Amino acid sequence: MKFINALPGPVAQGLIWGIMAIGVYITYKVLDLADLTVDGTMATGGAVCIMMMQSGHSVGVSLFVAFLAGMAAGLVTGLFHTAMGIPAILAGILTQLGLYSVNLRIMDQKANVALAFGKYNQIVSLRWVRDVPFYQNTIFVSAIFVLVLIAVLYWFFGTDLGCAIRATGNNENMSRAQGINTNTTKLVGLMLSNGIVALSSALYAQYQGFADVNAGRGAIVIGLAAVIIGNVIFGKISRNFAFKLASVVLGAIIYWVVYQVVITAGLNANDMKLISALVVAVFLAVPYLKRKYFSKPVKRGGASNA
Amino acid sequence: MLKMEGVWKTFNAGTVNEKTALSGLSLELKEGDFVTVIGGNGAGKSTMLNAVAGVWPVDEGKIFIDNVDVTKLPEHKRAKYLGRVFQDPMTGTASGMQIEENLALAARRGDFRFLKKGITHKEREYYRERLAKLGLGLEDRMTTKVRLLSGGQRQALTLLMATLKKPSILLLDEHTAALDPKTAAKVLEATDRVVEENHLTTLMITHNMKDAIVHGNRLIMMYDGHIIYDVAGEEKKRLKVADLLEKFEQASGGEFANDRMMLA
Ligand SMILES: Nc1ncnc2c1ncn2[C@@H]1O[C@H](COP(=O)(O)OP(=O)(O)OP(=O)(O)O)[C@@H](O)[C@H]1O
Ligand SMILES: [Mg+2]
């Protein structure tokens, strides 16, 4: 009973983190880049949003500026990678580290800034997951965000630019041979991804009622876990792009529900990061181990007729 | 129309792996020339094509396409002039995307890509027709991921992609070498057809000397980073494999004896 009562919380949390996981999906799956910037961006969005709301801006404007801040972070990583030739993983780590200082500056050098509940026009809160009209329910509001985001991304990745980004993640050489500037597509992809992560961060800070400079620690692992869980459980059902994004969000919900179960069962919350890391490591290893130990030799196109 | 003037390219300059792959290469193609390129391993054939495509900048020399100096243009900006098919069937397509999506990407080669639809209804119909002409049944599998195609199907698709938007120059780098002989013959046949129909200026590298003689209107032989033999028209038609082998022997002082060219 205690668990059922506690369920709406992790579902709402999962929806908000699902937005973040969609951002990770764009870099990790579509662009085929491991982008660690998100550990910083997952704090930046909240910092920007909370500080702006506190100084009187509307929630809409605050969310939008948070999105832009995330895009700026993605741009920095993208330039490190494309213009300066730094490997993507390292570029992300550099931006992430730099963002820690930036985030503290945004928050006036405070590690944690609370948003007084009820004083501002926030749209989600952990107090609104039950016993409120449905349109005020955080699960409903977050679900709307998720649906709109999936719709917009479904459209975007069907455009010329979106297709060029997908092609870049698929085969860079082919993309350049087709006249695609792969540096540009990587930049756009990284900006879009980090913008989305910052949006999630901004919602999450409202949900929790505070912005925290450490809010993004390990976020990439949670995002990857959501992508992997979604893919493992729902991957076989449909190859439709919108469905894939939806299954990433479902993956995030499952992650937070399981988290809740494990905590309710009495496990130390601080051990969850270790468990998440191990679970993600195992799933990342599966394709490699499969290839190594279970693959049949593949027939190539036949002998060269040289 | 292509013109290369005194092109030099050295890889890994200043290291123990230093290798001069192009040494003062000059070549001029006339409109509609179909040139086959032969030469031993490491002669610089692929490097010549990569220099035209702009995969990396050359050290010296100039490259003109359609009388435009493209020497300084990066690869993606030269793409509008070029159709390319590679030796490895994996290289020319986006394997995780659908057949029709790959074609749509190729149809926009050289265009500015923004928020217009990535593929339209009308295009689909056109692609269906073009695929049907290949005679591989791909027109009924347009939403299949390219990953699932065989090497020969992929090369045929890549050839269609390379010529969907008429290129100023078609670059073929041993595009049948990874295929079994029957499939290779089919793809070569398709190549002849598409070059003829569209009157394409073509550079085709091959390791098969018979193919080099049979196809095209001109043949060049490369050795050590430049062209050592250039023959066209009637004289090319009369060539025998033995003549080419002899040319090789002369150029290399017999060192080709073990080259895979011999097996052709
Ligand atoms: N990107 C590169 N980096 C370093 N060396 C290279 C590079 N590309 C080619 N080379 C070297 O340049 C020389 C010419 O190579 P190239 O690939 O042009 O030969 P090729 O005539 O196409 O031979 P093959 O018949 O084996 O395909 C070789 O010694 C090769 O090792
Ligand atoms: Mg080669």
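**Reading the ligand site and the chains**

Modeller: An oxygen atom of ligand 1 sits 2.9 Å from a polar backbone atom of Gly44(B). Keep in mind throughout that this is a predicted model. A pair of N or O atoms is read as a polar contact when the two lie within 3.5 Å, and Gly44(B) is one case, at 2.9 Å.

Colleague: How much of ligand 1 does the protein bury?

Modeller: Ligand 1 taken alone exposes 630 Å², and the protein buries 65% of that area.

Colleague: Which side chain has an N or O atom 3.2 Å from an oxygen atom of ligand 1?

Modeller: That side chain belongs to Asn41(B). The backbone also takes part at Ala43(B), where a polar atom lies 3.2 Å from an oxygen atom of the ligand.

Colleague: Which residues around ligand 1 come nearest?

Modeller: The shell has 15 residues, and the nearest of them are Gly42(B), Lys45(B), Ser46(B), Thr47(B) and His207(B). By class, the shell holds 8 polar, 4 charged and 3 nonpolar residues.

Colleague: And which element gives the most to that shell?

Modeller: H1(B) does, with 3 residues. In chain B, helix H1 (45-53) and strand E2 (19-29) each supply at least two residues of the shell.

Colleague: Let's zoom out. How should I read the overall form of chain B?

Modeller: Start with the radius of gyration and compare it with the value for a compact globule. Chain B has 264 residues, for which a compact globule would have a radius near 18 Å; the chain has 19 Å, so the two agree. Along the principal axes, its C-alpha atoms fill a box of roughly 60 × 40 × 35 Å. Its secondary structure comprises 9 helices and 10 strands.

Colleague: What percentage of the residues in chain B are buried?

Modeller: Buried residues are 54% of the 264 in the chain. For the surface, chain B exposes about 11900 Å², with carbon and sulfur atoms supplying 51% of that. Contacts can be sorted by sequence separation as well: among those in chain B with a separation of 6 or more, 67% join residues 24 or more positions apart.

Colleague: Is helix H3 of chain B mostly covered or mostly open?

Modeller: Mostly covered: of the 9 residues in helix H3 (residues 99-107), 8 are buried. The buried ones are Ile99(B), Glu100(B), Glu101(B), Asn102(B), Leu103(B), Ala104(B), Leu105(B) and Ala106(B).

Colleague: What covers the buried residues of H3(B)?

Modeller: Both chains contribute. The cover includes helix H4 (121-134) and helix H5 (151-164) of chain B, together with helix H7 (160-170) and helix H8 (172-177) of chain A.

Colleague: Where in chain A is Ser142(A)?

Modeller: In helix H6 (residues 138-156). Ser142(A) is buried, with a relative accessible area of 1%, and its side chain reaches the backbone oxygen of Thr138(A) at 2.5 Å. Beyond its neighbours within four places in sequence, Ser142(A) is in contact with Ala12(A), Leu15(A), Ile16(A) and Val124(A).

Colleague: With which residues is Ser247(A) in contact, leaving aside its neighbours within four places in sequence?

Modeller: With Gly230(A) and Phe234(A). Ser247(A) belongs to helix H11 (residues 241-264) of chain A and counts as buried at 5% relative accessibility. From Ser247(A) to Ile233(A), 14 residues away along the chain, the C-alpha atoms are separated by 8.2 Å.

Colleague: To finish, is Gly253(B) buried or exposed?

Modeller: Exposed, with a relative accessible area of 67%. Gly253(B) is in the segment after helix H9 (241-252) of chain B. Between Gly253(B) and Met48(B) there are 23 Å from C-alpha to C-alpha, with the two 205 residues apart in sequence.

Definitions and conventions
Residues are numbered from 1 along each chain as its sequence is written. Chains are lettered from A and ligands numbered from 1 in the order in which they are written. This is a predicted model: local features need pLDDT of at least 70, side-chain atom pairs count only at pLDDT 80 or more; totals for chains, interfaces and linings use all residues. Side-chain values use heavy atoms; hydrogens and water are left out. A residue is near a molecule or strand if one of its heavy atoms lies within 4 Å of it. A polar contact is a pair of N or O atoms within 3.5 Å; within protein, one must be able to donate a hydrogen and the other to accept it, and residues adjacent in sequence count only if both atoms are side-chain atoms. Accessible areas come from the Shrake-Rupley method with a 1.4 Å probe; for residues, only the protein chains shown count as cover. Helices (H or I, at least four residues) and strands (E, at least two) are DSSP runs, numbered from the N terminus. Ala, Val, Leu, Ile, Met, Phe, Trp, Tyr, Cys and Pro count as nonpolar, Asp, Glu, Lys and Arg as charged, and the others, Gly among them, as polar. The radius of gyration is taken over C-alpha atoms; the globule rule is 2.2 Å times the number of residues to the power 0.38. Buried means under 20% relative accessible area, exposed over 50%, partly exposed in between (1.4 Å probe, protein chains only). Contact means heavy atoms within 4.5 Å.
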